[in-house]
Amino acid sequence: MFTDNRYPDKRYHSLSVLLHWLIAGGLLFMFASGLYMVNAEMPKADQYKLFQIHKASGVIMLWAIALRLLTRWLTHQPPLPSELSVKEQKLAKLGHLALYIGLCVMPLSGWLMVSASPFGLPTFVFVDWIKWPHIPFVERNKTIESLARNTHWIVASGLLLIIIGHIAAVIMHKKKQNIQLLKRMWWFKNDQN
Amino acid sequence: MHYLRFFALACLLCASTFVFSKSNIDNTQGIVGFAGEHAGMAFSGEFTRWNAKISLPPEASPSIEAEFQLASARTGDAIYDETLPEGDWFDVKNHPVGKFTSSNIEAVDNGYLVEGTLRLRGKTLPVSFKLNENGERLQSRFAIDRLEYGIGLDSDPEADWVSREIQMTLDIPKP
């Protein structure tokens, strides 16, 4: 299904490519706003508004990631380049699994934290008529809130490290084996290589 | 026989006049509002459903009794409107109605001094305010301490986010 791709063995499906880069941009914003809203000195009003924006953006990230997983499941994946050693292939698969796990845990732990928060503030997705519900049965549960908060922080740090590894691997394989991995995740003409 | 009937009717009329000498007013005629600060930003709102019975001096036994539906608080901000009815704030599930009952009303220059109790979240605390005469209206502004009523006690006990002092505003017609 989804026959957009003339080179299914060379690159990912268009929707996967689009979502990959949108999520990458979104993550950049989530990391920046998340670190800034917790650590920076600023008026309370700005901090409050930034929290609401981070929450609303998190909902959109959750949907984008769900859609990305769905696309991955429904479309053909280009096989890993044959130049990679067996060990490298294993490592690549493990790394991508870790990326997906991190991507899923981030919005879910954020959602849980917000749902269990003593503030009990609702989440509106940028407009008053889209209200994202809280997870039930955890209302004002400080134990669960702190559990979710720690998870959000630890997984964020881990995800950042894996993303750095993800980018480093692209550069490393280019230098070491001259493999253009980036072409798998963009709409390059794949006629040569 | 006719005279008796007339007398009875007159009695009934007098009694009902006596009973209903208190003036009934509600949210269609005035404003019961509140205002404060959240995260350094001013907010204000009003209760859109309330009713009151008012009689003021020189009536024989002046009194004010007011009930307002806490679920009817509207601020114009969806996040506030969603949060206010919750358990830690107005707790409308367990305490749907706020109530003011006067204990003493005195006529003073340009208005009335009112003393009484305000019941919120199941707590009844003394309050007093001056109703200022302004043409055909009576207006007042006085502060209450939200933490004394346990409002937001769990979420924000140090008033880091929501001001401890909440200004109540009244604007009602003269009875």
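Analyst: Two strands count as paired if DSSP finds at least two bridges between them. The model discussed here is predicted. In chain B, strand β2 (residues 31-38) and strand β11 (residues 165-173) run antiparallel and are joined by 5 bridges. Strand β11(B) also runs antiparallel to strand β10 (residues 137-145) of chain B, to which 9 bridges join it.

The helices of chain A may be treated next. Two packed helices are described by the angle between their axes and the distance between the axes. For helix α1 (residues 14-39) of chain A and helix α2 (residues 44-74) of chain A, the axes come within 9 Å and cross at roughly 155°. Because angles over 145 degrees count as roughly antiparallel, α1(A) and α2(A) are therefore roughly antiparallel to each other. The contact of α1(A) with α2(A) comprises 14 nonpolar, 9 polar and 2 charged residues. The crossing in which α1(A) passes α2(A) is left-handed.

Further along chain A, helix α3 (residues 86-116) packs with helix α4 (residues 142-177) at an angle of about 155°, their axes being 8 Å apart. That angle makes α3(A) roughly antiparallel to α4(A). Their contact divides by class into 14 nonpolar, 9 polar and 2 charged residues. The crossing of α3(A) and α4(A) is left-handed.

How values were computed: Residues are numbered from 1 along each chain as its sequence is written. Chains are lettered from A and ligands numbered from 1 in the order in which they are written. This is a predicted model: local features need pLDDT of at least 70, side-chain atom pairs count only at pLDDT 80 or more; totals for chains, interfaces and linings use all residues. Axes are lines fitted to C-alpha atoms, for helices over the stretch in contact, and angles run from 0 to 180 degrees between N-to-C directions. Helices (H or I, at least four residues) and strands (E, at least two) are DSSP runs, numbered from the N terminus. Angles under 35 degrees count as roughly parallel, over 145 as roughly antiparallel, 65 to 115 as roughly perpendicular and the rest as oblique. A crossing is left-handed if the near helix is turned anticlockwise from the far one by less than a right angle, and right-handed if clockwise. Ala, Val, Leu, Ile, Met, Phe, Trp, Tyr, Cys and Pro count as nonpolar, Asp, Glu, Lys and Arg as charged, and the others, Gly among them, as polar.
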